[in-house]
Amino acid sequence: MKYKRSLILLLTSVSLNLCVACGNGKPHADVKADSVPTDAITTFVLPALPPMLNTPELRADYLVRHYWDNVNFADTNYVHHPEVTEQAWVDYIDILKLVSPTTADTALKGVFVQAEQEKKSYLYLMELADKYLYDPNSPMRNEELHISVLDALLASSILDDAEKIRPQNRRELALKNRLGTKALDFTYTLVSGRQGNLYAINAPYTLLFINNPGCHACAETIEALKSAPTINRAIAQKQLQALSLYPDEDLAEWKRHLSDFPQEWINGYDKKQTIQQKNLYDLKAIPTLCLLDKNKVVLLKDATSAEVEEYLNKK
């Protein structure tokens, strides 16, 4: 990414105070909100770091709190410069991952409060949050950070009640099966007709794999899981139970792909379509991979096989 090297230097160098020149060199925060801004936006102005912040952790903490200080959100020209604003947003998300969840939550909500100076700028930030934190195709998708954004939107005075309907619905769904909470129970049916439920699985860990057999991404994930040594060792040692769940109604398609799955897995389908009808799980991204503990508390959500491997290797 364009600013990645600068941000790394900013966080790791003890004495560096990096401030990228922007237009005529004056911070956009100096532009009065009621003036007509001229379009002189060429680069993003990073805040100067106080020299007493001598560790990467302290610098990251300061930077996420003051990252947008030199942006005048009343200047709608920022909306027309994604090469500046969108790139800055991408780098900001990267830095948020370096601080505590509490700090990230506070900082992210603060950005949206700043952006309330101008609704056009505010809506643009909403679009960026959707694109990078919510979109299932985004490699930066992050539900916890997106919940912070949704909280900010619902608390905002700049959005009307109608504009808050979608954030409210998304927040309700995001809070289901959230990291650190107990996954919602459901009933699955095997090809034999026998039924079971998630909570009845007796294992130190449960790997919940919601998928549509035949989809390209699902096939890739199945192969990745089948070739993951730590996952397969845990299954063999009865430390992990894999549960593959098909949430749709085309059973003929599901049955055609039964041989794709290891016999050691539980392979079932949602006979009554309960998960979709009651929105028990967020299925905007298929496949969905979650790691649960023995009490079915969510340890990993929307994970990759590599992330599951890494988590189990640490245990």
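What is the accessible surface of the protein, and what share of it belongs to carbon and sulfur atoms? In this predicted model, the accessible surface comes to about 15,800 Å², and 52% of that area belongs to carbon and sulfur atoms.

The protein contains 12 helices and seven strands. Of its 315 residues, 47% are buried. Among contacts with a separation of 6 or more, 68% are between residues 24 or more positions apart.

## Helix α5 and its surroundings

Helix α5 covers residues 119-134 and has 16 residues. From its first C-alpha to its last it reaches 21 Å, close to the 22 Å expected at 1.5 Å a residue. At the start of this helix, a side-chain oxygen of Glu 118 comes to within 3.0 Å of the backbone nitrogen of Lys 120.

The buried residues of α5 include Tyr 122, Leu 125, Met 126, Ala 129 and Leu 133. The packing partners of the buried residues of α5 are α3 (82-96), α4 (101-114) and α6 (143-155). An α-helix has 3.6 residues a turn, so residues three or four places apart point the same way.

Leaving aside residues up to four places away in sequence, Pro 82 touches Gln 87 and Tyr 124. The C-alpha atom of Pro 82 is separated by 9.9 Å from that of Leu 128, although the two residues are 46 residues apart along the chain.

## Nonpolar cores

The largest nonpolar core has 43 residues. Those with the most contacts inside this core are Tyr 67, Trp 68, Trp 89, Tyr 92, Leu 96 and Phe 112. Helices α2 (56-66), α3, α4, α5 and α6 each supply at least two of its residues. Another core, of 19 residues, lies apart from it and has Phe 209, Ile 222, Ile 235 and Leu 300 among its members. In soluble globular proteins, nonpolar side chains tend to be buried together.

Strand β6 comprises residues 288-293; six of the six are buried, so the strand is largely enclosed by the rest of the structure. Both of its faces are covered, with Thr 288, Cys 290 and Leu 292 buried on one side and Leu 289, Leu 291 and Asp 293 buried on the other.

Strand β3 (residues 205-210) pairs with β6 in the antiparallel sense over six bridges. Within this pairing, Cys 290 of β6 is the bridge partner of Leu 208. Strand β7 (residues 298-300) also runs antiparallel to β6, to which it is joined by two bridges. Here Leu 292 stands opposite Val 298.

In the loop between α11 (274-277) and β6 lies Pro 287. A cis peptide bond joins Ile 286 to Pro 287, with omega about 5 degrees.

The hairpin of β6 and β7 has four residues between the strands. Lys 296 is found in this loop, and its phi is near 70 degrees, a positive value in a residue other than glycine. Lys 296 is buried, with a relative accessible area of 2%.

Asp 302 lies in the loop between β7 and α12 (305-313). Asp 302 has a positive phi of about 50 degrees although it is not a glycine. At 25% relative accessibility, Asp 302 counts as partly exposed.

How values were computed
Residues numbered from 1 in each chain as written. Predicted model: local features only at pLDDT ≥ 70, side-chain atom pairs only at ≥ 80, totals over all residues. Heavy atoms only, no water. Buried < 20%, exposed > 50% of the residue type's maximum accessible area, 1.4 Å probe, protein only. Contact = heavy atoms within 4.5 Å. Areas by Shrake-Rupley, 256 points an atom, 1.4 Å probe, with all protein chains shown as cover. Expected span 1.5 Å × (residues − 1). Polar contact = N/O pair within 3.5 Å; in protein donor to acceptor, adjacent residues only side chain to side chain. Core = buried A, V, L, I, M, F, W, Y, C linked by side-chain atoms within 4.5 Å. Pairing = 2+ DSSP bridges.
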